[in-house]
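Hi,

Here is the structure I said I would pass on to you.

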Amino acid sequence: MKPHFFLPLATYPEANSEAVASSAASIAAQFNAELHAVVLNPAIPQVSNALSTLLLDTPKMIRDAEASSRRHGKQLLAAVETSAKEAGVEVAIGEVAVPVAALGEAACERARYFDLALLGWEAGNQTSRMLAEAVVFGAGRPAVILPSLSAVGTIDHVAIAWDGSRVAARAVADARPFLEKASRISVITVLNEKKLRDADAAERLAAGLRQRGLTAEAVPTQIGSSSIGVTLQEAAMSLGAQLLVMGGYGHSRVRDFVLGGATEGILSDLRLPVLLSH
């Protein structure tokens, strides 16, 4: 069965970088997947206020913002089509108008019909971060977050951030296609960040992967002055991994969603592609 990957693209208030196009096409090509790219254009509500219309011409500002977003969207889709063609990937593209407040939920609802979501991430771009958070915690599908400053090549070495928790186990299960294609797997456990239920957790997972015919090793590490999110990424990159797999930690406090430390560190300072699963 041919996998189908989903690529939501934001254009407002900040647009995704076109760099996500080549990264998404590269991952889709490695799994012979069909790529479905959808631009989420904003439907900005009209403000019926005589004073704002008179002084600011608010309706024109809204029209201009929507037109600018549509232009960015068409540029993004053109970049996706070009990258997909170069990578030999089947691609389907589309646009949808969504109320600004519902951008995240719209991406979640669509992501549920695909095997994997691919999400662009740009430093300082709060729209891309919002979209990533929404899909990771609301879609019920694994998501790979792609940094804009580094091109994604062949994913041959996968690192797993492992603490023996439920969400970490879910992430490993969701990452199975990547693990099966990898020639090397590193199971990273941070020993001094929190008390682990099993001191041998990394080796137990690595042994289980080896029993399934995969090449895996346990890599214990220590946290220093960096955050846990940075520590995990730096450990993965120092080993030569092209992808970090980890569980997405977070819980709701009435209206606010509170992220775990590692997840917050990843979404604040992404340094390599990360598969997050909740």
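Let me start with helix 1, which has 12 residues and reaches 18 Å from its first C-alpha to its last, close to the 16 Å expected at 1.5 Å a residue. That expected span is 1.5 Å times one less than the number of residues. Helices here are DSSP runs of H or I with at least four residues, strands are runs of E with at least two, and both are numbered from the N terminus.

Before going further, the ground rules: this is a predicted model, where local features need pLDDT of at least 70 and side-chain atom pairs count only at pLDDT 80 or more, while totals for chains, interfaces and linings use all residues. Residues are numbered from 1 along each chain as its sequence is written, and side-chain values use heavy atoms, with hydrogens and water left out.

Helix 1 is mostly covered, with nine of its 12 residues buried (under 20% relative accessible area; exposed is over 50% and partly exposed lies in between, with a 1.4 Å probe and protein chains only). Among the buried ones are V20, A21, I27 and Q30. Just after the helix, N32 takes a positive phi of about 50°.

I27 also matters for the next part of the picture: it belongs to the largest nonpolar core, of 47 residues, where I27, L118, I160 and F178 touch the most other members. A core here is a set of buried Ala, Val, Leu, Ile, Met, Phe, Trp, Tyr and Cys residues joined through side-chain atoms within 4.5 Å. A second, separate core of 41 residues includes L40, F137, I228 and L244.

Now the rings. Searching the whole structure gives three aromatic pairs (ring centres of Phe, Tyr or Trp, the last by its six-membered ring, within 6.5 Å; planes under 30 degrees apart are stacked, over 60 edge-to-face, the rest tilted). F31 and F178 have ring centres 4.7 Å apart and planes at 65°, so they pair edge-to-face. F31 is in the loop between helix 1 (19-30) and strand 2 (34-43), and F178 is in helix 7 (residues 176-181), so the pair ties together parts that are 147 residues apart in sequence. Both F31 and F178 are buried, and ring pairs link F5, F31 and F178 into a cluster.

Best wishes
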